[in-house]
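Below is a short briefing on side-chain contacts and strand packing. The sequence and the structure come before the notes.

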Amino acid sequence: MRKRLSLKRGLDLKIAGFVEQGTKVVEVKPQFVAVVPDDYPGFVPKTEVREGDEVKLGTALLRDKNDENVKIVSPVEGVVESIVRGSRRKIERVVIAVAEKSVYEAEFASDASSAEAIKDTLQRSGLWAMMRRRPYDIVPAASDVPRDIFVTALDTAPLAVMPQVESMDKAALAYGVKILSKLTAGNVYVSVPEESGCEIEGAVMVDVRGPHPAGNAGIQVANIAPVNKGEVVWTLDIVTLERIGKLFGNNILDMSATIAVTGSEVANPSLVNTVVGADMNSILGNRLKEDSEHKRIIAGNVLTGAHSSMDGYIRYPYRQITIIPEGDNADEFMGWASMSLNKMSVYRSFPGKFLRRLFNPDARINGGRRAMIMSGEYDKVLPMDILPEYLFKAIIAGDIDRMEQLGIYEIAPEDVALCEFVDPSKLELQKLVRNGLDLLRREEA
């Protein structure tokens, strides 16, 4: 079975620093890797190891206080270097010094004899934590029975590199679909770029066309089979599907990751094959431009990534690093109101709107926070049948009934990242949506 999804609303940002097609993948072995619990919303961490413990690939590092079977595991063999805690002893990250002969794939016992056995294996292997459930955009609960499962095989974020499904293990992908099919009475949808023509046995293939955020799982769910109150769906990316197929097909736990190193401050944008959670120092090395520009290192893309540093680590979903100018040393005539041709904008007030060229934006937000303006700009970049401005106001007011009526069950923070980018009010909309989802989840509990 095959479906077609064509989206018109959205926005592709014209940013310099993309990886050229055909670029060879460079192998990089990190010195350290880190697991960051904040990357797994809904997961309440408790440590399973101590500093100085030796671990192997697949050794449990953290478990969920609410469900002890759900683990986050070590992606490499090595020694626990540190367990970093913040205020109120919150676990911020677990850092592992990578062993000299560490590998990214290792044997891991799997059991596919029943749905419960499959869940147990996924939870013990750490792959469970790499999936998300809607509503709430959190790690799935062990008791979940998903209506459908959605796999996305395209990434439309700024400077992102599309997953090369053609070069993946087709047998592992098909087996992964077979395994997931045992966990749902519905369909396993796999969304691919329209031109790919990819076919995976057992899945409902969806050819997707459109600008960002067409690659977001939540956008695909909302336009294929929306989530209603009381329903649960799961989402994951194609790389996680391949990992699931390898785990159950060959008893191999694969924690390798191909990272796109992108952005205008990268000397040669490239693809790096490494391991999930690898340290920035090992990956970036001498890849940054040697100039006086202050640099913003982002673990992820410019819209949803986490602010990092050379001492930081790759963050989930382990696909991209972006380096752009910080902008704190910029000296620009008229500041944010400058009519310079070098200024990227979505508004017709600026000439950059009409130029077909790549821009070099920095990390400044160009303005301060102000009252929400009912401008209609959100609707232009959010291809969902909801009223975003009214939803955001309901979240600010804490009006749970109104939030439910306006479609908060369908949305996740990443889905409103473009709304945040074009927002004339400079509101932190992703943080706002996360707070609203957390409020609903607390009320449900």
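Rings of Phe, Tyr and Trp (its six-membered ring) are paired if their centres lie within 6.5 Å; planes under 30 degrees apart are called stacked, those over 60 edge-to-face, and the rest tilted. By that rule, the whole structure holds 6 aromatic pairs. This is a predicted model, in which local features need pLDDT of at least 70 and side-chain atom pairs count only at pLDDT 80 or more, while totals for chains, interfaces and linings use all residues. Residues are numbered from 1 along each chain as its sequence is written, and side-chain values use heavy atoms, with hydrogens and water left out.

**Aromatic contacts**

- The ring centres of Y40 and Y316 are 5.7 Å apart with planes at 45°, so this pair is tilted.
- Y40 lies in the loop between strand 3 (32-35) and strand 4 (45-47), and Y316 in the loop between strand 20 (306-308) and strand 21 (320-325), so the pair ties together parts that are 276 residues apart in sequence. Helices (H or I, at least four residues) and strands (E, at least two) are DSSP runs, numbered from the N terminus.
- Y40 is buried at 4% relative accessible area, whereas Y316 is partly exposed at 22%. Buried means under 20% relative accessible area, exposed over 50%, and partly exposed in between (1.4 Å probe, protein chains only).
- Ring pairs link Y40, Y316 and Y318 into a cluster.
- For W128 and W234, the ring centres are 5.1 Å apart and the planes are at 75°, so the pair is edge-to-face.
- W128 is in the loop between helix 1 (115-125) and strand 11 (132-134), and W234 is in strand 15 (residues 233-237), so their contact ties together parts that are 106 residues apart in sequence. Both W128 and W234 are buried.
- The charged end of R357 sits over the ring of F359, 4.8 Å from its centre (the criterion is NZ of Lys or CZ of Arg within 6 Å of the ring centre and within 35 degrees of the ring normal).

**Strand 15**

- Strand 11 runs antiparallel to strand 15 and is joined to it by 3 bridges; strands pair if DSSP finds at least two bridges between them. R134 stands opposite V233.
- Strand 12 (residues 149-152) runs parallel to strand 15, with 4 bridges. I149 has W234 as its bridge partner.

**Salt bridges**

- The whole structure has 29 salt bridges, each a side-chain nitrogen of Lys or Arg within 4 Å of a carboxyl oxygen of Asp or Glu.
- D144 and R133 form a salt bridge, with their closest N and O atoms 2.9 Å apart. Both residues, D144 and R133, are buried.
- K295 and E265 form another, at 3.6 Å between the closest N and O atoms. K295 is partly exposed at 22%, while E265 is buried at 4%.
- D438 and R441 meet in a salt bridge at 3.4 Å, N to O. They are 3 residues apart in helix 10 (residues 429-444), separated by about one helical turn.
- Salt bridges that share partners join R134, D137, D415, R434, D438 and R441 into one network.
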